[in-house]
Amino acid sequence: LHKSRRSSCVPFEMLRTRRVAPLRWTLIVAAVVSCVCIFGVVCALSTPYALTYSSLSRNTVANRARIPSRLPHRNEFHSMPRKTSCPAIDAKATEELADTRVVGKSWLMCEPIGIGSAAPESRITNADLEKQVNTSDEWISQRTGINARHVLQDGEKISNLASNAAEAALKNSGLTGDDIDLVIVATSSPDDLFGDAASVAHRIGAKKSVAFDLTAACSGFMFGMITAGQYLHSGFAKNAVVVGADALSRWVDWNDRNSCILFGDGAGAVVLQSVKDSESSGLLGYAMHSDGSKQEHLVLSYNGESQTLNSGHSPTQGAYSPITMNGKEVYKFATTEVPRVINEALKNAGLETQHVDHLLLHQANIRIMEVVAKKLGLSMDQVITNIDEYGNTSAASMPLALDAAVKSGRVKPGDIIACAGFGAGLSWGASIIRWGTPSDKS
């Protein structure tokens, strides 16, 4: 074979090179093709993420630009044709807002259609407290904005106030107890430690409703509204009554001038009704938070008395200590977190502070309201308050103040109200509501 290769006048080394070359080029071509394929796969996988990031960035800028300068004002609402109890925002505004909403935290399919409240007749003024503790009318009013508070007397019940408020709200809404599917009573001071909601539902004739208490102190009404909104949004219920009721005068040390000047008793209620679509929503956005690490700043602690049984065991007889509060820390917490949570709720709703007609806060202290309004860029003329007459009524304070604003005509159908509750827990939450109109049912 070697001789035959030589006889062909082709050098052996050249012949070997010629035979190997095709294999070498084949390997080179295969490597190039593999690299191209791998590069293509990498590009194919990375492109969607790049496009998504790019589109999100563009959408964020575009969404900010598309937020309408304002929603139709209440005067425009009145002139618009309405197919639902609350007029929908015009189509263009709806399209502009849709991209900025947060799923699950905005535009729940329900609206507030009725409001009511109740308070004890007994009234304690600042002058009355001058006879009890070392204080003065001027000192109290300047630091808190409170001039009086209403308190339950011996034999009176907070559950009766809650029922009266709920009945007034039903009357205002145009519904009856038979129409109600859900009753939530937000309270930290029930007559019955097992809960007052079922008895309230019974008294207002809500025979087919499910009823339960919700305990979140001064945030209770806000949390109750949002909870009921979720039940209505899901289709579980069509109509709900949310009551905020508290009697913290029962748990005040009337010899402690730092706490006895603040608290009063009362109840307020709102009727919520489901709507057919989110564009008719009256609960436009919300946010909720809590921080148990700061619980010690506002507490009503268990303080049971030990009792020894014949068996040697030592259970306690139930009792609670009076309310204790670190006023400075609560003030710092409220003025910091409340503006944040309202802005969070506005963002979830796809709105800005310029869309807000009214600001409704838990009636804890007028100074807190002034600071929060200022941080939000709102005027005190937009703040709904009745703290001067009722003091801090805990879960009842917001619906109690709102009732007066609605009944006086200050709050009208279509108005946008930024609401925030805050208090023990510590807990805080906000919602952006659009006030509706009573049901067509007589």
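Colleague: In which loop does Leu193 lie?
Modeller: The model is predicted, local features need pLDDT of at least 70 and side-chain atom pairs 80 or more, while totals for chains, interfaces and linings use all residues. Residues are numbered from 1 along each chain as its sequence is written, and side-chain values use heavy atoms, without hydrogens and water. Helices (H or I, at least four residues) and strands (E, at least two) are DSSP runs numbered from the N terminus. Leu193 sits in the loop between β5 (182–186) and α8 (197–203).

Colleague: Is Leu193 buried or exposed?
Modeller: Buried means under 20% relative accessible area, exposed over 50%, and partly exposed in between (1.4 Å probe, protein chains only). Leu193 has 70% relative accessibility, so Leu193 counts as exposed.

Colleague: How far apart are the end C-alpha atoms of helix α9?
Modeller: The expected span is 1.5 Å times one less than the number of residues. For the 15 residues of α9 (residues 220–234) that gives 21 Å, and the model agrees because the end C-alpha atoms are 21 Å apart.

Colleague: Which residue just after α9 takes a positive phi?
Modeller: Within α9, the buried residues include Phe221, Phe223 and Leu232. Just after the helix, phi is positive, about 95°, at Gly235.
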